[in-house]
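Open the model in your viewer and keep the selection tool at hand. The stops below go one selection at a time.

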Amino acid sequence: MFKSWAHDWVIVKKLVCTKVNGKLIWQTAVIATTTATATTTGQKFTFVAEVWADNWFALYINGVLVGQDSVSIKTEKSFNAEKISFTASYPFVIGMVTKDFIQNDTGLEYIGSGRQQIGDGGFIAQFTNTSTGKVVAYTSKAWRGYVIHQAPLNVSCEKSKTPTTECKSRIQAEPSGWSQKTFDDSKWSFASVYTKEAVGVKDGYNDINWSSQAQLIWSSDLKIDNTVLWRSTVN
Ligand SMILES: [Ca+2]
Ligand SMILES: [Ca+2]
């Protein structure tokens, strides 16, 4: 259980009259400093995360997986919204994995069809404290992201008949402990914010009453960045 300590410093002053070189001078003087220390057990609250992702996500709270998109990333068209409930006490760290659909490590989709293309990603999320009904966290440019799957690096392979040999990728493992509270994300990039038109929001997006503060985000490249890890701290 998380514990927090609140320190309230109370400074008591009084006016002091002193005689300096025959003159009376009034000064304030600190006569007491008290410390009121309240020790409280971090109260647990229930939160609901609402997420719409193109195309898939997983949600971690303080390093614990609390839910994921119910439609597999192997599903070519997956634009559903999800609601995930969890309990936490403040402060907590949101970690998310977001994946754009790709048919394989070429980074392409609809391979071999007339629609063979580089797909794009994008997602939006908001977190409501159910005891107050207030949205306490939401995706914004303050979120930190880290790209672990990029393809194709050479976008000229988009219409290739042999994309698996032509398309180049940069793929890495998830950094150890990346969703933990203590992980240092200071070198991760801030999110880029996108319009609804740029992301092409659809199925499920309009089922959620989005806070005006919640924004569609992704890394700096909607198309070739296919898997992005995200972190945000809720105080
Ligand atoms: Ca997509
Ligand atoms: Ca893509």
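**Stop one: a loop residue**

Select Tyr 205. Tyr 205 sits in the loop between helix H2 (196-199) and E16. This is a predicted model. Is Tyr 205 buried or partly exposed? Tyr 205 has 19 other C-beta atoms within 10 Å, and a buried residue needs 20 or more. Tyr 205 is therefore partly exposed.

Tyr 205 touches both, leaving out residues up to four places away in sequence.

**Stop two: the strands around E3**

Zoom out. The chain has 2 helices and 17 strands. Select strand E3 (45-53) and strand E6 (81-88). They run antiparallel, joined by 8 bridges. Pick Phe 47: Phe 86 in E6 stands opposite.

Next, show strand E10 (123-129). E3 and E10 also pair, in the antiparallel sense, over 7 bridges. Which residue of E10 is the bridge partner of Val 48? Select Thr 128 to see that partner. While the strands are on screen, recall that side chains in a regular strand alternate between the two faces of the sheet.

**Stop three: the nonpolar cores**

Select Val 51, Phe 57, Leu 59 and Phe 123. Within the largest nonpolar core, of 36 residues, these four touch the most other members. Elements giving two or more residues to this core include E3, E6, E10 and strand E17 (225-234). Strand E4 (56-61) is also one of them. E4 supplies the largest share, 6 residues.

Center on Phe 123. Beyond its neighbours within four places in sequence, its contacts include Val 51, Trp 52, Phe 57, Thr 98 and Leu 216.

Move on to Phe 101, Ile 118, Ala 151 and Cys 167. They belong to a second, separate core of 8 residues.

**Stop four: the whole chain and its confidence**

Select everything. Buried residues make up 31% of the 235 residues. Among contacts between residues at least 6 apart in sequence, 71% join residues at least 24 apart.

Color by pLDDT. The chain averages 87, and 83% of the residues score at least 70. Then select residues 1-14: pLDDT stays under 50 there, and the model has 28 contacts beyond four places in sequence for this stretch. Finish with residues 30-40. Here too pLDDT stays under 50, with 18 such contacts beyond four places in sequence.

Notes: Residues numbered from 1 in each chain as written. Chains lettered and ligands numbered in written order. Predicted model: local features only at pLDDT ≥ 70, side-chain atom pairs only at ≥ 80, totals over all residues. Core = buried A, V, L, I, M, F, W, Y, C linked by C-beta atoms within 7 Å. Buried ≥ 20, exposed ≤ 12 C-beta atoms within 10 Å, placed from the backbone. Helix = DSSP H or I, 4+ residues; strand = E, 2+ residues; numbered from the N terminus. Contact = placed C-beta atoms within 7 Å. pLDDT = per-residue confidence, 0-100. Pairing = 2+ DSSP bridges.
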